[in-house]
Amino acid sequence: MENIIEIKNITKSYYVGKVPTKALDNVSLNIKKGEILVILGASGGGKTTLLNLVSGLDKIDKNKNSKILYENKDISKYSDSKMTKFRKRNLGFIFQTYNLLEHLNVYENVLVGSSLGRKKVDVHSIIETVGLKQHEKKYMHQLSGGEQQRVSIARALAKKPKVMFCDEPTGALDEKTGKVVLQSLVEANNKYDTTLIIVTHNPGIALIGDKIIKMNSGKIVDEIINEKRTDPKDIPWG
Amino acid sequence: MKLLLINSLKGLKKKKVQMFGIIIMVMLSTAIYTGMNTAIDRLEDKYYDYLNDQNVEDISVAVNVNYENDITIEHMNSYLNNELSNATSEEKEILNYYINYLNNKTMELPLSTKVALENIFTKYNVLNKIKMNILSNISTKYDFDYELELSKIISEDDNLIKVILYDDNNEINKTYLVDGRYPKNENEITILPGYAKVNKINIGDSYKIGDNTYEIVGFTYAPDYIYPLISFSMPIFDEKTNNIVFMNQTAYEKVIGINDNSFAIKYNGEIKREFELNSNQDINDLKTENSIFKIFNENNISFDYNTFTRIGRIGAVQLEFSTDRLFADYFLYVLLGISVVIIMIITKKRIDDERLQIGVLKSLGYNKYSIATSYLVYPIIGSLIGGLLGYLIGISVNKPIATIYLSFYNVPLENYIFNLTYLKNSVLIPMITLSILSYLIAIIMLRKKPLSLLKEGSNLKINIFTKLINKITSIFKFEYRFKYSLAFRSIGKLFLVSITSFCTGMLIILVLIGSNLFSNVIKESFSGMKYKYMIYTNSVGFEQNNTENKDYILNMNLEVKNIKKINGENVEIKEDTSFSIIGTDTASNYLEILDDNNKNIISNLTTNKIIVNQNAKKLLNLEIGYIIELSYEDITLEYEIAGFSEEYMGYSAYVLRSDLSNKLGLQGNAYNMIYSDDDKYNNISDLKEEEQQQIAYVINLEELKDNIMKQMDRFNGSIYIIIIFASIMALVIIAVIANIVVEENKKTISLMKVMGYKNKKISNIVLNIYTPFIVIAYLLSIPVTIKILESIVSALTKDIEMTIPIQITPSLAALGLLGLLIAYYIAISLSKKVLNKIPLAIALKRE
């Protein structure tokens with residue numbers, strides 16, 4: 001499989017007062033197309049920072065050796081408006097808090113995502129993929145946390161992104177609901193060949209991925225290739 | 001983007017109070033705008049046609065006889081053989097002297113002789129004939145027609161009646177028939193329809209004037225009395241007691257009253273009708289405006305009180321049109337300005353509340369422009385509903401508003417004509433203004449990057465002010481530290497609460513000042529007048545002996561030649577500035593000249609000293625010690641300013657009567673006005689004929705004050721309408737702010753309840769934090785509002801040379817603040833009641 005994303009020697013520092021802190025220290029990584037990559041680590045390890053940089057939500061520290069290549073295009077030098085267009089056409093996002101529009105129903109929330117895409121999509125089919133067909137006309141306050149998260153997955157999928165970034169997608173959910181959500185993600189990956197990058201602190205979730213990277217203190221400390229993905233319903237939780 | 005708009009639209013349900021606020025603001029402003037403009041249209045369209053159709057005069061003039069040139073020996077001989085044949089021997093001596101003068105013009109003709117001649121000619125009804133001759137001589141040169149307008153003024157019981165001779169041959173100021181027919185017979189009259197309506201009189205009823213009873217055969221308007229300023233004894237029209245009656249020649253001759261005649265002039269060229277008289281314009285330039293006044297420069301034609309009252313009678317309604325339209329437009333923009341503030345608050349709050357969702361949308365690829373567009377829902381819905389409602393209300397109230405105008409102005413009303421402009425403006429102006437501004441606000445607020453928006457607590461950053469306040473309050477108890485750190489946490493919200501309190505404060509101050517505005521002027525103007533009657537004489541008399549406890553006054557209108565400062569520099573004055581000079585004795589029975597400390601400064605009047613009124617002081621920037629040079633014909637009079645009187649109408653000044661008389665070449669005891677307490681002046685027809693003949697008109701000061709206060713009540717009626725509107729606006733703003741304050745602190749309030757804090761404590765810590773800022777904002781609004789009002793009033797009154805003192809007492813200001821705070825706390829407690837209905841668990845839920 002070819003690489004969809006190539007990350008070369010990226011660094012990110014933050015200032016707390018006058019003291020600089022390296023949140024990410026000279027990280028390099030390749031991500032293959034259609035792959036499920038799980039970034040694992042404890043709180044403060046740099047995994048969310050890595051996700052934010054790779055997704056273009058944040059900028060890397062300037063360095064001539066640092067690059068983030070998407071299909072051989074270096075997005076680290078894009079301006080804000082160019083990056084917005086890039087995200088619109090290529091990337092999807094799921095966050096721990098679902099951040100759906102409360103006055104729109106399930107169908108309409110997913111439509112919000114699909115209206116950004118270039119091609120017309122079958123919204124009903126996407127909703128069915130995440131297992132919410134019977135809830136299409138419901139509003140957010142009528143759904144459980146897991147159902148809402150699945151709506152946000154459907155919204156992200158609706159614009160047919162090449163890559164989907166998931167930051168602690170099950171962080172606010174219990175085991176049963178969390179596994180259902182993970183199932184939806186895996187099915188989306190299988191059906192649409194969307195590359196998934198999942199950030200989590202839950203080691204059980206790592207088993208659903210093709211590649212697992214462990215992060216600590218802003219560095220990749222381990223990179224594991226998973227021979228076989230584990231079905232989400234079988235993963236240990238916690 | 002369509003979906004984002006639908007999301008915003010559905011979200012309106014949660015913002016009912018705030019949306020209601022916007023709709024009310026837009027509705028009020030467009031209702032006033034449409035109602036007033038439509039009502040004025042109905043009057044104004046008809047007004048100009050009316051002036052043409054009834055051939056209303058261009059000017060009324062007083063003809064001054066130039067005794068050196070205007071009378072010939074032939075004229076005098078004719079008069080001596082006819083009207084003057086019964087003159088007394090004393091009078092004949094004067095007349096003979098005059099004839100000798102006409103034969104030999106190197107002789108002197110002093111002012112005192114001229115005054116005596118005028119008295120004689122008045123007595124024997126020769127004066128009008130002389131004046132008609134003068135006009136006849138110049139009418140061809142200036143191409144005008146003229147007519148002598150005969151009328152009498154009768155004061156009877158409470159009524160003031162102007163009786164006008166009806167002549168269907170009159171070509172100028174043709175009587176306008178509203179209903180019925182014109183009077184043909186001796187016992188028939190017509191009256192004003194407004195007077196008839198208020199007094200429940202119909203055509204066919206009887207009406208008594210003096211000892212005579214007449215039958216009312218019709219209702220008419222006198223077209224040169226659009227605002228029926230009948231007499232200076234009643235400068236404010238009262239529909240209930242002021243009447244204009246038309247009758248035929250025979251009936252007119254039998255009526256006893258004070259003669260009030262004038263000459264009406266109508267030019268034959270096209271003359272533009274202007275509100276302001278400007279004597280410098282050129283009659284030869286007939287194609288352009290205002291060419292009617294050259295006549296005043298070249299001949300002995302002058303303004304008289306009729307000319308000035310013409311401004312009020314015929315032209316003042318134009319000022320009404322322009323000021324009312326200005327008021328309607330101004331109100332529209334003020335209320336829209338307040339709506340913008342409310343929209344700013346709503347938009348900011350909405351964006352703050354939805355920052356996480358917005359962060360995700362921006363991450364997904366929505367740009368700030370499409371997100372900002374979704375917030376246009378508020379201004380569009382608000383202006384559409386408010387504008388349409390306001391327009392419909394405006395249309396429905398245009399007739400009552402027009403009817404109010406008709407109780408002041410006698411002019412026929414045009415039918416209602418639909419005007420698309422007002423509909424467009426009522427909807428489009430608010431929509432465009434509010435939409436553009438709220439879009440810009442949203443763009444600015446959406447400038448943050450997605451990651452900043454997505455960070456938890458990104459809206460709760462500690463800003464520099466909070467840090468500073470925390471440092472300052474660190475020595476105080478926890479409660480105060482908590483309170484003020486909450487207040488300063490969001491500078492934007494604090495600023496908005498302060499700004500809206502400032503706007504509300506301005507409205508309250510406007511209401512408080514406005515409700516006392518004119519009554520203050522009236523109070524100040526009358527405070528020095530201790531007399532009951534002001535009697536104006538037809539000509540200058542000479543005081544023989546004062547046995548009747550009167551004040552004799554010499555009142556002259558003198559032109560200002562020059563005013564010099566103490567350092568010799570000239571004060572800038574407009575050409576044709578004149579003063580009404582009141583020559584009084586210091587030993588006055590009835591007059592006090594009060595300064596701004598309420599001290600009587602009449603004793604400052606000595607030879608060559610003058611006391612000027614406050615209005616002149618303010619408008620001409622005068623100081624004590626300045627020298628005023630006045631002129632009368634070729635006489636120059638010089639005075640030094642010795643003080644200022646608390647009077648605000650026009651330019652007037654007091655001097656010593658004997659000094660004024662001497663300077664004019666008259667005897668020291670000359671007068672043309674009397675102040676008296678004698679009730680014999682209440683009914684002129686009861687006086688001896690000789691005394692009646694000398695009197696031009698009488699002002700009953702008690703009646704005048706009553707009349708003005710009654711009019712003030714009516715005027716205050718419109719002030720009360722403004723007060724109601726301003727109060728509604730203030731309440732809407734307060735309700736919106738209180739609602740937002742409670743909503744913003746929903747989580748803090750709920751958390752504190754869960755922890756066990758009592759309601760009173762919660763209110764004290766969380767909700768009352770803005771009280772000091774509201775108080776400060778209100779106090780700041782007081783001087784700003786006063787300044788704005790002063791400039792508005794100055795702009796409105798500059799044409800009529802009047803100032804109106806703008807002031808507010810500390811007790812009134814405190815009352816305003818109390819009202820504001822009470823309203824604020826009521827609104828807070830109502831908003832809290834809504835909050836109490838939400839279960840704590842829901843209120844604390846993560847958004």
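How many helices and strands are there in chain B? Chain B has 28 helices and 21 strands. Helices here are DSSP runs of H or I with at least four residues, strands are E runs of at least two, and both are numbered from the N terminus.

**Before you start**

This is a predicted model, where local features need pLDDT of at least 70 and side-chain atom pairs count only at pLDDT 80 or more, while totals for chains, interfaces and linings use all residues. Residues are numbered from 1 along each chain as its sequence is written, chains are lettered from A and ligands numbered from 1 in the order in which they are written, and side-chain values use heavy atoms, with hydrogens and water left out.

**Stop 1: the two chains**

Select chain B. Of its 847 residues, 52% are buried. Buried means under 20% relative accessible area, exposed means over 50%, and partly exposed lies in between (1.4 Å probe, protein chains only). Chain B exposes about 38,800 Å², with carbon and sulfur atoms supplying 55% of that area. Accessible areas come from the Shrake-Rupley method with a 1.4 Å probe; for residues, only the protein chains shown count as cover.

Now select chain A. It has six helices and ten strands. Buried residues account for 56% of its 238 residues. Chain A exposes about 10,900 Å², and carbon and sulfur atoms give 48% of it.

**Stop 2: the interface**

Show both chains. Here 25 residues of chain A are in contact with 23 residues of chain B. Contact means heavy atoms within 4.5 Å. The area buried between the chains is about 2,300 Å², and carbon and sulfur atoms give 64% of it. Buried area is the accessible area (1.4 Å probe) that two parts lose on being put together, summed over both. Select A:N99, A:L101 and A:H103: in chain A, these lose the most area to chain B, together 26% of what that side buries.

Next, look at the polar links. Seven residue pairs are in polar contact between chain A and chain B, both residues at pLDDT 80 or more. A polar contact is a pair of N or O atoms within 3.5 Å; within protein, one must be able to donate a hydrogen and the other to accept it, and residues adjacent in sequence count only if both atoms are side-chain atoms.

Colour the chain A side by element. α2 (80-90), β6 (91-94) and α3 (106-114) of chain A each give two or more residues to the side that touches chain B. α2(A) gives the most, with four residues.

The rule also finds two salt bridges across this interface. A salt bridge is a side-chain nitrogen of Lys or Arg within 4 Å of a carboxyl oxygen of Asp or Glu. Pick A:E108 and B:K10: their side chains meet in a salt bridge (3.6 Å, N to O).

**Stop 3: helix α3 of chain A**

Stay with A:E108, one of the buried residues of α3(A). Seven of the nine residues of α3(A) are buried, so the helix is largely enclosed by the rest of the structure. What covers them? The cover includes α4 (123-129) and α5 (145-157) of chain A, together with α1 (2-11) and α11 (355-364) of chain B. At the start of α3(A), zoom in on A:N105. A side-chain oxygen of A:N105 reaches to within 3.2 Å of the backbone nitrogen of A:Y107.

**Stop 4: salt bridges within the chains**

Over all chains, the count is 25 salt bridges. Select A:E175 and A:K179, whose closest N and O atoms are 3.0 Å apart. Both lie in helix α6 (residues 175-192) of chain A, four residues apart, about one turn of the helix. A:E175 is partly exposed at 38% relative accessibility, whereas A:K179 is buried at 14%.

Go to B:D58 and B:K266, a salt bridge with its closest N and O atoms 3.7 Å apart. B:D58 lies in the loop between α2 (16-53) and β1 (59-63) of chain B and B:K266 in strand β11 (residues 262-267), so the pair ties together parts that are 208 residues apart in sequence. B:D58 is buried at 3% relative accessibility, and B:K266 is buried at 13%.

**Stop 5**

Most residues other than glycine have a negative phi. Select B:K200, in the loop between α7 (193-198) and β7 (206-209) of chain B. B:K200 has a positive phi of about 55° although it is not a glycine. B:K200 is exposed, with a relative accessible area of 71%.
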